[in-house]
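Follow it with the model in view.

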Amino acid sequence: MARVGSVVVKYDEDKFDRPSRFNTRRRSKDRPDFSSAQVGQVTAIDRGRITCVFPLNTSHEHQTRVIAVKARELGRKGVTIGDQVRLVGDLSGNPDTLARLVEVLPRTTELMRTADDSDPIERVIVANADQMAIVTSVANPEPRMGLIDRSLVAAFHAGLNPILVITKIDLAQPDTLLSNYEGIDLPYVLINNKTGTGLSELKELLAGHTTVFIGHSGVGKSTLVNALVPEAQRITGDVNDVTGRGKHTSTSAIALPLPNDTGWVIDTPGVRSFGLAHVNPQDIIESFPELLEGTLACPRACTHVNAHGHRPPDCGLDDWVKTGNAGSAGPARLQSLRRLLFALESPSS
Ligand SMILES: Nc1nc2c(ncn2[C@@H]2O[C@H](COP(=O)(O)OP(=O)(O)OP(=O)(O)O)[C@@H](O)[C@H]2O)c(=O)[nH]1
Ligand SMILES: [Mg+2]
Ligand SMILES: [Zn+2]
């Protein structure tokens, strides 16, 4: 039997796939035997063609890259970047060959997003990442607290450690942006991609992790990935001079190995918003750890926000931040918490 790292036993397509002309009932009795499968990791998906590398836990240099398609047995089960999957079929990786992806292994983490706060469909953006780099530029496009806060909630909900990556510090000062997060335990780096400032610090934060890059279009995610992974060759796009917006240059996510097996980075397309319909209010509050203790003074069943997005009677959080318990960023963070709770309670507004 083939094991990871040893000889690959060819998977006999005919045996499982096509109902035999003579015995059409064979399929349910003879379950496919995938013991000869290789376990790989999904790095890119393009219209049903799934790029995978295998074996796992092997230096990337020695991994084989194959294009796979989903096996019919898998049905509608989703496959996403970062998934660990079982592969059978042609695993040579030669041009024009296709492997078959027969199983998605249990995920350690799932980063999810909904299109907006009322959308019932959760999309898993990335599986098995352990860190989220929230990438934001100080200017062009302007930083938006809302997206940063939402990303923080999503990271917390998914069990990813967030880091803040602030780009384009050649264009403006990062002080105001940073002051919004003083007092919370959020590592950050300041980057100037024109000169490479901050890159070595970023490399340190990425080492040993699988990090997904999240941020608005045009903040410089792909530029960063190109600087980190020399052979990445991600296309980057100018920001519109008039609107200050990115042009949604990257259209799909891709996982890329950092040099010398020091981790993986996942470049993703710029997001317009980060819907959180899948996160409940309690989870939101818990992702504001410095405010959490303040809720002890709240009346039972306090929702911390009223129907207009303001303070409900007797909510303990205002006193908590006023007395400085949540640091100098406390008032801004409380405002942000209320905005999020309000948005999720009244998704249409
Ligand atoms: N001045 C300045 N420009 C930068 C910096 N980093 C990136 N840029 C520019 O910002 C623009 C957008 O960069 P991209 O890397 O394409 O941005 P992105 O986040 O990948 O955008 P999407 O793929 O659309 O989500 C490009 O013109 C980059 O050259 C920086 O540190 N300073
Ligand atoms: Mg990009
Ligand atoms: Zn309250």
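## Metal sites and ligand contacts

S250 is buried, with a relative accessibility of 12%. The model is predicted. S222 is buried too, at a relative accessible area of 9%; the cut-off for buried is under 20%. S222 belongs to helix α6 (residues 221-228), while S250 sits in the loop between α6 and β12 (254-257), so the pair ties together parts 28 residues apart in sequence.

The zinc ion (ligand 3) has four donor atoms in a tetrahedral site, with angles of 103 to 116 degrees among them. For comparison, the ideal angle for four tetrahedral donors is 109.5 degrees. The donors are C298 (SG), C302 (SG), H304 (ND1) and C315 (SG), at 2.0 to 2.4 Å. Their spacing in sequence is C-x3-C-x1-H-x10-C. H304 and C315 both lie in the loop between α8 (289-292) and α9 (317-322), 11 residues apart. Both of these residues, H304 and C315, are buried.

What surrounds ligand 1? There are 22 residues around it, and the closest are D170, N193, S217, K221 and T223.

| Residue | Part of residue | Distance to an oxygen atom of ligand 1 |
|---|---|---|
| K168 | side chain | 3.0 Å |
| T223 | side chain | 2.5 Å |
| T249 | backbone | 2.8 Å |

On its own, ligand 1 has 660 Å² of accessible area, and the protein covers 92% of that.

Terms used: Residues are numbered from 1 along each chain as its sequence is written. Chains are lettered from A and ligands numbered from 1 in the order in which they are written. This is a predicted model: local features need pLDDT of at least 70, side-chain atom pairs count only at pLDDT 80 or more; totals for chains, interfaces and linings use all residues. Side-chain values use heavy atoms; hydrogens and water are left out. Donors are N, O and S atoms within 2.8 Å of the metal (3.2 Å for Na, K and Ca); water is not among the atoms, so sites may look incomplete. Four donors count as tetrahedral if all angles lie between 85 and 135 degrees; four count as square planar and six as octahedral if opposite donors are over 155 degrees apart and all others between 65 and 115; anything else is irregular. Helices (H or I, at least four residues) and strands (E, at least two) are DSSP runs, numbered from the N terminus. Buried means under 20% relative accessible area, exposed over 50%, partly exposed in between (1.4 Å probe, protein chains only). A residue is near a molecule or strand if one of its heavy atoms lies within 4 Å of it. A polar contact is a pair of N or O atoms within 3.5 Å; within protein, one must be able to donate a hydrogen and the other to accept it, and residues adjacent in sequence count only if both atoms are side-chain atoms. Accessible areas come from the Shrake-Rupley method with a 1.4 Å probe; for residues, only the protein chains shown count as cover.
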